[in-house]
Amino acid sequence: MTEIVESKVISEVYHVRFDPFADDRGVFRETFRVEWFPHVDWSRMQSNRSDSQANVLRGLHFHHHQFDYWLNPRGEIRVALCDLRASSGTFKSVEMVQMSAEKMRGLLIPPGVAHGFLTLSEATVTYIVSNYYDGTDEHGVAWDDPELRVPWGVDDALISSRDVHHQCFRDLSAQLRPK
């Protein structure tokens, strides 16, 4: 049986726990159904995959019009979630989530919640998104923003030039900030 639980830290973030079906051949898990999240419009669904070496930090990214649903089928990651929605009762809350292939689970991230991950080993992250990529809804905030105080637990991660140059939240224009 699949269990879907709303985060106790950030509203509208959902953790999905799967029941594995194992036998002498291996393990089977059902990892996603559109009906699990009826409040999301999946009519423009796209699936993506990110493969990273150990000690890579990706993020923090956010969208205004897109949900992300993450799985971690290989390796282990530390996920950071930051609620940037000024209208949210959990505004500026930060949640850290450990995900791994060994303890497979899903994570639904709503628009306006910044997200990123640190690879604790070589890792793969697959993510289903609720909108086709066109670049217009790709935004970021500094991974080390002193106002958000994300406890990554690392100082020397490999970070892309794009992510290194994201602004702090306080410096984002009013039009860019999630509502």
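Trp 152 touches Leu 57, Leu 60, Arg 78, Ala 80, Met 96, Gly 116, Phe 117, Leu 118 and Trp 143, leaving out residues up to four places away in sequence. Contact here means heavy atoms within 4.5 Å. This is a predicted model: local features need pLDDT of at least 70, side-chain atom pairs count only at pLDDT 80 or more, and totals for chains, interfaces and linings use all residues. Residues are numbered from 1 along each chain as its sequence is written, and side-chain values use heavy atoms, with hydrogens and water left out.

**Nonpolar core**
- Trp 152 is also among the residues with the most contacts inside the largest nonpolar core, together with Leu 57, Leu 60 and Leu 84.
- That core has 18 residues.
- Strands E6 (56-62), E8 (76-83) and E11 (113-119) are the elements that give two or more residues to this core.
- E6 supplies the largest share, three residues.
- A nonpolar core is a set of buried Ala, Val, Leu, Ile, Met, Phe, Trp, Tyr and Cys residues joined through side-chain atoms within 4.5 Å.
- Buried means under 20% relative accessible area, exposed over 50%, and partly exposed in between (1.4 Å probe, protein chains only).
- In soluble globular proteins, nonpolar side chains tend to be buried together.

**Open sheet**
- Six strands form an open sheet in the order E1-E2-E10-E7-E12-E5, with antiparallel pairing.
- Its edge strands are E1 (3-6) and E5, each pairing on one side only.
- Neighbouring strands of this sheet are turned by 20° against each other on average, direction ignored.
- Axes are lines fitted to C-alpha atoms, for helices over the stretch in contact, and angles run from 0 to 180 degrees between N-to-C directions.
- Strands E7 (residues 68-74) and E10 (residues 105-109) run antiparallel and are joined by three bridges.
- Trp 70 has Leu 107 in E10 as its bridge partner.
- Strands (E, at least two residues) and helices (H or I, at least four) are DSSP runs numbered from the N terminus; two strands pair if DSSP finds at least two bridges between them.

**Ser 47**
- Ser 47 lies in strand E5 (residues 46-52).
- Ser 47 is exposed, at 56% relative accessible area.
- Beyond its neighbours within four places in sequence, Ser 47 is in contact with Tyr 127 and Ile 128.

**Cysteines**
- The disulfide count is zero, a disulfide being a pair of cysteine sulfur atoms within 2.5 Å.
- Cys 82 is in no disulfide, and the nearest cysteine sulfur, that of Cys 168, is 12 Å away.
- Cys 82 is buried, at 0% relative accessibility.
- Cys 168 is buried too, with a relative accessible area of 16%.
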